[in-house]
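Here is a short tour of one protein chain, written for someone new to reading structures.

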Amino acid sequence: MATIAAASKICALVPVKRLGWAKSRLAPHLTTGERNCLAEAMLRDVLDVLSKVPQLGGIAVITSDTAVASIANDYNAVVIDDLDDAGINNAVRRGQRALAAEGYAGVLVIPGDIPFLSAQEIELALSALADCNVVITPANRDGGTNLLGFSPPHVMDPSFGLHSFRRHLAIARAMGLEVVVLPLEGAGHDIDVPADLWSDTDGPAIQTRRLLARLGKDVPPACPGPTQEPLSP
Ligand SMILES: Nc1nc2c(ncn2[C@@H]2O[C@H](COP(=O)(O)OP(=O)(O)OP(=O)(O)O)[C@@H](O)[C@H]2O)c(=O)[nH]1
Ligand SMILES: O=C(O)[C@H](O)COP(=O)(O)O
């Protein structure tokens, strides 16, 4: 891992699995090459936004993919080696430990597949995290978690996976932590299933929009989205 200047600040932590394995749920709709390009475009959009938030103390990408590491370098992000690729929770725990050791006051976990997030939304999440232990931004549509802030960095273990929003909230409350639920339209839009490709959201997502337009996937068809999950547990 490259050296991170110790700072009493919040560091963004972006977990990214190997591009060749990315977005398997889009396999019925996109070729492996298209999924690879989409994962890269989304990651570039996320890192571009993060690099425009001066309040962030740093940006770290945890990955085992050298191509992802090279993209991270384009945005001056530090790369943490994901030694075993054992899933997002394992990667985030490893990142939390590394960033705690660097002296960061907190960590904001940002998946690489939320290209519609905006700098203003990250600023809101950072402000919220200044006054609590855990910030959770639910996914707009599938009950998942799209931003997860921790202060201090290892105050709680991540529990990403099906219906993770309710679970993260329940774990934090059971631990007696101060939690803020922060719904955000752009950051709440991840791209997991084909319907996510066709639903639009305000937010820059410049590389993602360009790629989807090139692939001819940017026209919203009459397609129902995934089942809506209520926000409260
Ligand atoms: N470093 C690291 N990141 C991961 C791992 N698994 C998932 N991620 C990242 O976590 C974020 C959310 O991942 P998922 O939605 O579970 O996976 P995905 O590749 O985006 O999509 P699916 O293959 O369809 O599940 C993405 O940025 C992934 O690249 C892992 O084992 N290691
Ligand atoms: O907990 C979650 O929301 C997922 O495991 C990680 O994000 P996804 O919605 O991109 O799969």
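## Starting point: A98

Let's begin with A98, which sits in helix α3. (Helices here are DSSP runs of H or I with at least four residues, strands are runs of E with at least two, and both are numbered from the N terminus.) With a relative accessible area of 16%, A98 is buried; the word means under 20% relative accessible area, while exposed means over 50% and partly exposed is in between, using a 1.4 Å probe and protein chains only. Now find A67: it is 31 residues from A98 along the chain, and the two C-alpha atoms are 21 Å apart.

## Ground rules

This is a predicted model, in which local features need pLDDT of at least 70 and side-chain atom pairs count only at pLDDT 80 or more, while totals for chains, interfaces and linings use all residues. Residues are numbered from 1 along each chain as its sequence is written, chains are lettered from A and ligands numbered from 1 in the order in which they are written, and side-chain values use heavy atoms, with hydrogens and water left out.

## The whole chain

What is the chain built from? It has seven helices and seven strands.

The chain has 233 residues, and 54% of them count as buried. Take the contacts (heavy atoms within 4.5 Å) between residues at least 6 apart in sequence: 68% of these join residues at least 24 apart.

## More on helix α3

Helix α3 covers residues 88-101, which is 14 residues, and it reaches 20 Å from its first C-alpha to its last. That is close to the 20 Å expected at 1.5 Å a residue, where the expected span is 1.5 Å times one less than the number of residues.

## Helix α1 and its two partners

Look at α1 (residues 32-50) beside α2 (residues 66-74): the two pack at an angle of about 30°, with their axes 10 Å apart. (An axis is a line fitted to C-alpha atoms, for helices over the stretch in contact, and angles run from 0 to 180 degrees between N-to-C directions.) That makes α1 roughly parallel to α2; angles under 35 degrees get that name, over 145 is roughly antiparallel, 65 to 115 is roughly perpendicular, and the rest are oblique. On the α1 side the contact uses E40, L43, R44 and L47, and on the α2 side V68, I71, A72 and D74. Sorted by class, that gives five nonpolar, no polar and three charged residues. (Nonpolar covers Ala, Val, Leu, Ile, Met, Phe, Trp, Tyr, Cys and Pro; charged covers Asp, Glu, Lys and Arg; the others, Gly among them, are polar.)

The other partner is α7 (residues 206-215), which packs with α1 at about 155°, with axes 7 Å apart. So α1 is roughly antiparallel to α7. Here E34, C37, L38, A41, M42, R44 and D45 of α1 meet I206, Q207, T208, L211, L212 and L215 of α7. This contact has eight nonpolar, two polar and three charged residues.

Is Y75 buried or exposed? With a relative accessible area of 15%, Y75 is buried, and you'll find it in the loop between α2 and β3. Leaving out residues up to four places away in sequence, Y75 touches R44, L47, D48, S51 and I59. Y75 and V49 are 26 residues apart along the chain, with their C-alpha atoms 9.9 Å apart.

Most residues other than glycine have a negative phi, and most peptide bonds are trans. Now for some exceptions. K23, in the loop between β1 and α1, has a positive phi of about 60° without being a glycine; at 12% relative accessibility, K23 counts as buried. D85, in the loop between β3 and α3, also isn't a glycine and has a positive phi near 50°. With a relative accessible area of 22%, D85 is partly exposed.

Which peptide bond is cis? The one from S151 to P152, with omega near 0°. P152 lies in the loop between β6 and α5 (164-174).
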